[in-house]
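Okay, thanks for coming, everyone.

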Amino acid sequence: MAQPGDAIIQVRDLRNQFGSHVVHDGLDLDVRRGEVLGVVGGSGTGKSVLLRSIVGLLRPRAGSVTVLGTDMLHAPDDRRQKIEQRWGVMFQDGALFSSLTVRENVEVPLREQTTLSARTRVALAELKISMVGLPPNACDKYPSELSGGMRKRAGLARALALDPEIVFLDEPTAGLDPIGASAFDALIKKLQMTLGLTVFMVTHDLDSLHAICDRIAVLAEQRVLVTGTMKDMLKVDQPWVHEYFHGPRARAAGIAED
Amino acid sequence: MACALAQHVNTGRGRRKAAAIARTPPTAAGAKAGHARSARTGVRQDVRFSTRAPPGPPGAMTLRLSGRLVVACLEEARARLPEPGAEDATLDLSDVEAMDTAGAWLVIDTQTRWRARGKTCDITGASPQHTELLEVVRRNIPAKDVSTKPRNDFFDWLETVGRTACSGGRKLIEMLGFLGAVVARFGYVTAHPGRLRLTSLVHHMQEIGLNAVPIVSLMAFLIGVVMAFQGAVQLRQFGAEVFVVDLIAISVLRELGILLTAIIVAGRSGAAFTAAIGSMKMREEIDAMQTLGLDPIEVLVLPRVLALILVLPLLGVVADVMGLLGGAMMSWIELGVSPGMFQTRLHESVDVWHYAVGLIKAPFFAVIIGVVGSYEGMKVGGDAASLGRLTSTSVVLSIFLVIVADALFSVFFAIVGV
């Protein structure tokens, strides 16, 4: 069993390139067990590309991605699938299957990856839906009948369906009103604490970073420029990082005290 | 007598030990300890026996869970848990190595089932972490929903029928309203010809008309061939081969040419209208248009419907010509009716009204296809599924309405006598 605090995800020397446009070059990143890691960066610095490379939606040009001790780029398919079952991904707008109800959406991973009976599946799906704070009557609704915030919650319920060890969140609070966003932050923190999750979160939201992230990784100059706690970030001199954590929005979020 | 079960399962997260359940029935007075080998998989594994005497009074039993109580092994563990019986039970979790929400759900579900039988079921030995998880899960298990009350099947069915009829009627009215809006816009554009989107109109004429010529020609040619071939087989029995010309000419000119062209165009362009307008609706482009002072009907629907009205008769002419050509060729090959004879016979015995009747219908079909296609596109909601569903509805509905209109025209022309 791995110890708390050791690297559950190791990205080494990652290179991503679209045509002649280099997104990442020599990118290194460690995600430790049990932490909430926030990944920030300007638009186009490849935050989502990094997430997609780790979860295997995008094959990097070079480098290695090791998750839970398995080299994801070279492992045989069945081994990789086993690892894939130990993480859950929440996409920006939930990416729910629009032809299925919320409950059926949450049931999909249970149906595909386990041999649970229908009754157990329904019970577990309803449990997860309730855990992410959706009302019971949301179970039978279709994604198009839900608000953006509810779709995100339903997406999170689906990501948590198999009780993963790692959860990837792509801009979980984008497009939510501030109250909804902080409620979502609190939800993520609460679930992370009770379920012992490791959270990899791509975000722009300074409030989220402040409220729930244990560590922050800043993407810039095609690599992870710096990682550390919020306090460490405030000491970084790099212009973009400085602007980001000392800008007017950072002040509004109560991060930088000038 | 104490017994225990444990085995390897190869599901989910790899080869893991499923939760083992040691059951100590109330009759077990003594304690035993031992090791066994899992025979099923042949992998050596320690199986723990319960070494405790039941702590409770007689009539209670202890269920001792050990191993990994996780989602991958859940069904296994569930199958081994006994049904609630006459005894009170205690769930001992002190040997559980790992538990996730699914495992916690199982523990609570077991407890609930026991309590439903009026027995007690206590949970002991859970680590603080597991206790917390159990608490979270217990709080979140939804109350048994009272919303799904049993319904009478017949009334359910009746309600469905009623709702379908109502929504069908409402849809018809809405579609008529949409047709009215298109006509009104057409009137407005006629009064202000500068507002007609000429580029768009020409583009759609090319898309709907010119690009459909090959498929329409091939279809009509083959229909002519089939008509001639089938007609020849029948007419030869009576020595009336030359009447094959009348058969082909009347059926192709009057009905098949334009009807089949309309069906192809409905499938080709009607579906494209719905998909194009629908995806614009989905991405809020139509709303954006309205805020910019553009009228979606004028910009999107009118050029499409007008283009259809203009080119569908032309496609009908192409289909007529190709149908006759196919028929003539097959008559020559199969019956020896030479092209010259075919032409003479065509001149003499086929009234020009047959041709006119066919083409008169074309603009009406065009309006049906254009309006249905655009209307369904406008009905697309925010999700991708509705786009697909409405595209197929659009094709089915426009073909259906075209055929209905064709039937009405047949009656009408029979009454006026052409």
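So, chain B has an accessible surface of about 21,000 Å², and 65% of that belongs to carbon and sulfur atoms. Keep in mind that this is a predicted model. Chain B runs to 418 residues, 45% of them buried, and it has 12 helices and 7 strands. If you take the contacts in chain B with a separation of 6 or more, 80% are between residues 24 or more positions apart.

Staying on the surface, where is there a nonpolar patch? Look at chain B, at a group that includes Val352(B), Trp353(B), Phe364(B), Phe412(B) and Val418(B); the whole patch has about 870 Å² of accessible area. Helix 11 (352-378) and helix 12 (384-416) of chain B are the elements that each give two or more residues to this patch. Val418(B) sits in the segment after helix 12 of chain B, and at 30% relative accessibility Val418(B) counts as partly exposed.

Next, a spot where the two chains meet. Helix 4 of chain A, residues 118-131, packs on helix 3 of chain B, residues 128-140, at an angle of about 95° and with the axes 9 Å apart. That makes the two helices roughly perpendicular. On the chain A side you've got Leu127(A), Ser130(A) and Met131(A), and they meet Val136(B), Val137(B) and Asn140(B).

Now the charges. How many salt bridges does the structure hold over all chains? The count is 34. One of them joins Arg103(A) and Glu126(A), at 2.2 Å from N to O. Arg103(A) is in helix 3 of chain A and Glu126(A) is in helix 4 of chain A, so this pair ties together parts 23 residues apart in sequence. Buried or exposed? Arg103(A) is buried at 13% relative accessibility, and Glu126(A) is buried at 14%.

In chain B, Arg64(B) pairs with Asp92(B), with the closest N and O atoms 3.8 Å apart. Here the pair links strand 5 to strand 6 of chain B, so it ties together parts 28 residues apart in sequence. Arg64(B) is buried at 15%, and Asp92(B) is buried at 2%.

Then there's Arg163(B) with Glu159(B), at 2.8 Å. These two are 4 residues apart in helix 4 of chain B, which means about one helical turn between them. Arg163(B) is exposed at 56%, while Glu159(B) is partly exposed at 32%.

Last one: Arg119(A), Glu75(B), Arg78(B), Asp109(B) and Arg113(B) are linked in a salt-bridge network.

Key. Residues are numbered from 1 along each chain as its sequence is written. Chains are lettered from A and ligands numbered from 1 in the order in which they are written. This is a predicted model: local features need pLDDT of at least 70, side-chain atom pairs count only at pLDDT 80 or more; totals for chains, interfaces and linings use all residues. Side-chain values use heavy atoms; hydrogens and water are left out. Patches are made of residues with over 30% relative accessible area and no salt bridge: like charges are joined within 9 Å, nonpolar side chains (Val, Leu, Ile, Met, Phe, Trp, Tyr) within 5 Å. Accessible areas come from the Shrake-Rupley method with a 1.4 Å probe; for residues, only the protein chains shown count as cover. A salt bridge is a side-chain nitrogen of Lys or Arg within 4 Å of a carboxyl oxygen of Asp or Glu. Buried means under 20% relative accessible area, exposed over 50%, partly exposed in between (1.4 Å probe, protein chains only). Axes are lines fitted to C-alpha atoms, for helices over the stretch in contact, and angles run from 0 to 180 degrees between N-to-C directions. Angles under 35 degrees count as roughly parallel, over 145 as roughly antiparallel, 65 to 115 as roughly perpendicular and the rest as oblique. Contact means heavy atoms within 4.5 Å.
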